Amino acid sequence: MNNANCDPHGRRVIIVGGGPAGLTAGYRLAQMGLPSVILEKDQIVGGISRTVSYKGFHFDIGGHRFFTKIKAVDDMWKEVLNDDFLRRKRLSRIYYRRKFFYYPLRPFNAFAGLGLWESTMILASYLYARLFPHRQEETFEQWVSNRFGRRLFQTFFKTYSEKVWGMSCSEIRAEWAAQRIKGLSLLSALRNALAGQNGANKKRVIKTLIDEFDYPRLGPGMMWREVAARIEQSGSRVLLGAEVEGIMRAENGVEAVTISRNGEREVLHGSDFISSMPLKELLLKFEPPVPDQVKTAAHNLKYRDFLTVAVIVDKSRLFPDNWIYIHDPAVRVGRIQNFKNWSPFMVPDQSKTCLGLEYFCFEGDDLWRQPDRQLIQMAAEELEMLQLAERSSVEDGHVVRMPKAYPVYDSEYNDSLRIIEDFLRGIPNLQVVGRNGMHKYNNQDHSMLTAMLAAENVVGAAHDLWRVNEEQHYHEEVTIAPEQQRLLKEKLRAAFARMDSFAFATATGLVCSMLLLLATLFVLLRQDSPLVPYMGLLGQYFIGYSVTPGGALLGAVSCFTWVFLLSWLFAYLRNFMIGFFIYRIKRKMELLTFKDFLDHF
């Protein structure tokens, strides 16, 4: 093994991919004193979170808001770029039928734009969905329709979703949608609801980062360039233009990777390997090849590709939005970013505006293969069709193509991923992280979290990375100590646990009837007790009761019956009210989380 970039024990970590996940892994390893080599096949770091510079104009590959509930991720962002973060107000709208609708949707704005008839039909469709939902939620279409009605799905989700994915919404799996609203457990719902009652916490709970977000002064690429620089300052290496051609494995794990860089091939040996490259490509580069079943599963993984046409418009101000969703099927553009509204520093000349028109496609299709000049011309024409800018005001443009931008959740992906996961668990020194590395539609912060946990695994931890986007605690902001969290969790579960109506009624009935029986016997044992007349009055409530041994038995049976019925009713109503309360809380939390649903496309 080449000893360059090794720790004293001969450990050397090879990281494939220089996007947020790969760079975060390298950064965390550097903090722990472990050297690494990061391999990025492109000539720029950041992956899909890069920022491109063209003639002094900066633009993203999609907009990237910096917000998270993961404290470790937030700490890293602040540590790297604290003084270069801007606090931005969020404004995004939907363009539909030549009208603009605020997103998240605002009832009066939507009503005014859609009209009385369409609004009534949407409401009727919603009520129908609540009364007669799809019994099984297998597709994205069923998932959205169950929550918002089919009419609203067709109005605000169908066209845009099919632009993004290039397939019918009946083919997109419901798992993709469900992943966007992870974290709606009973504990999180109750904790947020109860916190909302506290005046001190109310603002924090209700005013979410959906309304405001942090953004680097010169775009997200600023973050990853700085992270790469700090990694190299620690003594590790970030190799650009380094394409992995082969991954050599033996019985005990991966031994080395073969790379091509500057026209030369090189073999890099390592002790630990972390990969954020597309999972399909990773598996097909193994030497010797993976088993046929795993190879077939890899081939079944699909991706949606993406290109941005950045245009420079000779106007100082066009529209106030950070971005606009285009739900008009007459144009091919899916979303339009206004980078000047993300940060004024993105545009060097304040008399001009830089827009990013985003087109979703498949690598090699007609859109992907169009010459840049034609794409810029099409973007200018579509801006004019949408009445956002005159075609003549577009004076320049630049095109960036991003392959494998989005892992596709189709009918085959789940079974294929399960086969691949089982195979990779048998390679102890290889970990996959990030969106493409795990073929999971992670956000930037969750991709970073998988990388942080992978780095900890290198030094002996045992985090299960495949569960990161499934376990509740990965999604919540940790604001209290673990022991306090455990105690709170136990108290909430105890307070809101379902009561067994039959057991409660039986126990209460037995206790009350036994007390009546014992009280009567006690009075009988004390002859001429002044309590006898008063005890006799209980006969008005308990059939057959009298202050005699036989009357006491009959009264005990009657007492048990009445108390059992009343206790059962109490327990039933208590369960019903708490169940309804929890349903309303979870529904509210689901709606709050769903508000920025489109942002994750």
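Contact here means heavy atoms within 4.5 Å, and axis angles run from 0 to 180 degrees between N-to-C directions. With those terms, helix H3 (residues 107-131) lies across strand E6 (92-96) and strand E7, at about 155 degrees to E7. The model described here is predicted. The chain has 22 helices and 20 strands, and 53% of its 601 residues count as buried.

**The chain as a whole**

- Among contacts in the chain with a separation of 6 or more, 72% are made by residues 24 or more positions apart.
- The structure holds 32 salt bridges.

**The seven-stranded sheet**

- Seven strands form an open sheet with mixed pairing, in the order E7-E6-E16-E17-E18-E15-E19.
- Its edge strands are E7 (99-103) and E19 (394-407), each of which pairs on one side only.
- Neighbouring strands of this sheet are turned by 25 degrees against each other on average, direction ignored.
- Strands of a sheet pair through backbone hydrogen bonds, either parallel or antiparallel.
- Strands E15 (residues 303-313) and E18 (residues 353-361) run antiparallel and are joined by nine bridges.
- Two of the residues with bridge partners in E18 are Leu307, whose partner is Tyr359, and Ala310, whose partner is Gly356.
- Strand E17 (residues 335-338) also pairs with E18 in the antiparallel sense, over four bridges; Arg335 has Glu358 as its bridge partner in E18.

**Strand E18 and its cover**

- E18 is mostly covered, with nine of its nine residues buried.
- In a regular strand the side chains alternate between the two faces of the sheet.
- In E18, Thr353, Leu355, Leu357, Tyr359 and Cys361 point one way, while Cys354, Gly356, Glu358 and Phe360 point the other way, and all are buried.

- Lys404 lies in strand E19.
- Lys404 has a relative accessible area of 17% and is therefore buried, since buried means under 20%.
- Leaving aside residues up to four places away in sequence, Lys404 touches Pro278, Glu281, Tyr303, Arg304, Asp305, Glu363 and Asn436.

**The five-stranded sheet**

- An open sheet of five strands has parallel pairing and the order E9-E2-E1-E13-E20.
- Strand E9 (237-240) and strand E20 (430-432) are the edge strands, each pairing on one side only.
- The twist from one strand to the next averages 15 degrees.
- Four bridges pair strand E1 (residues 13-16) with strand E2 (residues 36-40) in the parallel sense, and Ile14 stands opposite Val37 in E2.

**Salt bridges**

- Arg28 and Glu456 meet through their side chains in a salt bridge of 3.6 Å, N to O.
- That pair links distant parts of the chain, with Arg28 in helix H1 (residues 20-31) and Glu456 in helix H18 (residues 444-458), 428 residues apart.
- Arg28 is buried, at 18% relative accessible area, whereas Glu456 counts as partly exposed at 26%.
- The side chains of Arg93 and Asp321 form a salt bridge of 2.7 Å, N to O.
- This pair too links distant parts of the chain: Arg93 is in strand E6 and Asp321 in the loop between E15 and strand E16 (323-326), 228 residues apart.
- Arg93 is buried with a relative accessible area of 15%, and Asp321 counts as buried at 0%.
- Glu245 and Arg265 have side chains that meet in a salt bridge of 3.0 Å, N to O.
- Glu245 lies in strand E10 (residues 243-250) and Arg265 in strand E12 (residues 264-269), so the pair ties together parts that are 20 residues apart in sequence.
- Glu245 is partly exposed, with a relative accessible area of 35%, and Arg265 is exposed, with 60%.

- Trp568, Leu569, Tyr572, Leu573, Phe576, Met577, Phe580 and Tyr583 make a nonpolar surface patch of about 830 Å².
- One of these residues, Tyr572, lies in helix H22 (residues 549-594).
- Tyr572 counts as partly exposed, at 43% relative accessibility.

How values were computed. Residues are numbered from 1 along each chain as its sequence is written. This is a predicted model: local features need pLDDT of at least 70, side-chain atom pairs count only at pLDDT 80 or more; totals for chains, interfaces and linings use all residues. Side-chain values use heavy atoms; hydrogens and water are left out. Two strands pair if DSSP finds at least two bridges between them. Patches are made of residues with over 30% relative accessible area and no salt bridge: like charges are joined within 9 Å, nonpolar side chains (Val, Leu, Ile, Met, Phe, Trp, Tyr) within 5 Å. Accessible areas come from the Shrake-Rupley method with a 1.4 Å probe; for residues, only the protein chains shown count as cover. A salt bridge is a side-chain nitrogen of Lys or Arg within 4 Å of a carboxyl oxygen of Asp or Glu. Buried means under 20% relative accessible area, exposed over 50%, partly exposed in between (1.4 Å probe, protein chains only).
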